[in-house]
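Subject: Structure handover

Hello,

Here is the structure for you to take over. My notes on what was found in it follow below.

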Amino acid sequence: MTDKDDFFEKIISVKLSADRESVDIIDQTLLPGTLRRINLHTKEELWDAIKKLKLRGAPAIGVGAAYGIAVLANKFTADNYDEFYGEFKKLKDYLASSRPTAVNLFWALDRMERRLKEVQGEPVSSIKEILFEEAQKIRDEDVAISRSIGEFGFGLLKELKKEGKEIGILTHCNAGTLATAKYGTATAPVYTALEHGWKGSDLHVYCDETRPLLQGARLTAFELHNAGVKTTLQCDNMASMLMKQGKIDIIFVGCDRVARNGDSANKIGTSGLAILAKHYGIPFYICAPSSTIDLNTASGDDIPIEMRDMEEITTEWYKERMAPEDIDVFNPAFDFAEHGLISGIITEKGIAREPFDRSFEELGV
């Protein structure tokens, strides 16, 4: 195992504990200064970890929720199906209340419930094992999905490659290994390029710091730098200058929910990047597992946008308060890139393009 392989083994964002009594995660609020794993044993600990972004990234949240509901259901004392299902449903509804925007949370919990209903006639002891098996399938599928997204994105990078010239990539927030089971979504093309023998110097990834929680600075830059990729960090409002100077060839961002028309909700600031990319003629791609595509949501206007605490802007990252007392604060966690600004949505099944609803259908989403 190489040093890089060992590093990425250490930063697996979420996994099942060896004794199957807890969900083992990296507390991402402590990065990059401290790499600490914590174990979530109770429903309250899991809910809090998702809400407070200790466990974050749409795919990773889905994997964590699946593992979590399996772990917690295994502790139920009910010995008949109806009672077991009643407890499961209450737990599912509680976990689903932790964050409103990331559709993978609901997708994973719904899938676990469907599997439970499929085995209604089995003994409760067997059902508990089946739930663990389903959670592991969700995790394994996420690795394969990210790898496939990486291959499709790598195809776009190959089209841009010119001898002696690095490819400038801009990304926003963290859609890397830490946000998934492995590879990431928006970073998957980069890691795939490395697996295909490209050098870290062939690529130059510019990471938006991503205000106000700095996931780009704390997480994406941390990942890529340690992977040996040429990495530059900049403030969000510096992206336009990079584009104007011709340093950005392509933009890859992740996504928490894609509407049927292709509108794509991602970390706040994504909409502005998409508008800038359109102005400068830079291809702008959303990297999203098909589980993130919500065909029941017509457009971005129908996506619920989480509003977060004012302290994230006024006090959380500062030794002293950085805003007047009692000031009103606007702190949405997400915005959405409108479908007309998006060059393509890279899924594990292929790249969807306008009109997105038809393209999703053709890809079998």
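Predicted model: local features only at pLDDT ≥ 70, side-chain atom pairs only at ≥ 80, totals over all residues.

Glu134 counts as buried because its relative accessibility is 8%, and the cut-off for buried is under 20%.

Helix packing

Helix α6 covers residues 124-160 and packs against helix α4, residues 81-96. The angle between the two is about 35°, and their axes are 10 Å apart. The crossing of α4 and α6 is right-handed. On the α4 side the contact is made by Tyr81, Phe84 and Phe88, and on the α6 side by Val124, Ile127, Lys128 and Leu131. By class, the residues of this contact are 6 nonpolar and 1 charged, with no polar ones.

Nonpolar cores

The largest nonpolar core has 41 residues. Which of its residues touch the most other members? They are Val14, Leu55, Phe84, Phe88, Met112 and Leu131.

Helix α3 gives the most, with 12 residues.

For Leu55, the contacts beyond four places in sequence are Val14, Ile25, Leu46, Ala49, Ile50, Ala60, Ile61 and Gly64.

There is also a second, separate core of 37 residues. Val143, Ala188, Ala221 and Cys287 are included in this second core.

Sheet

The model has an open sheet of 3 strands in the order β1-β2-β3, and the pairing is antiparallel. Which strands are at the edges? They are β1 (14-16) and β3 (37-40), each of which pairs on one side only. Neighbouring strands of the sheet are turned against each other by 25° on average, with direction ignored.

Strand β2, residues 23-26, is joined to β3 by 4 bridges, and the two run antiparallel.

Regards

Notes. Residues numbered from 1 in each chain as written. Heavy atoms only, no water. Axes fitted to C-alpha atoms, helices over the stretch in contact; angles between N-to-C directions. Left-handed = near helix turned anticlockwise from the far one by under 90°. Contact = heavy atoms within 4.5 Å. Nonpolar A, V, L, I, M, F, W, Y, C, P; charged D, E, K, R; others polar. Pairing = 2+ DSSP bridges. Core = buried A, V, L, I, M, F, W, Y, C linked by side-chain atoms within 4.5 Å. Buried < 20%, exposed > 50% of the residue type's maximum accessible area, 1.4 Å probe, protein only.
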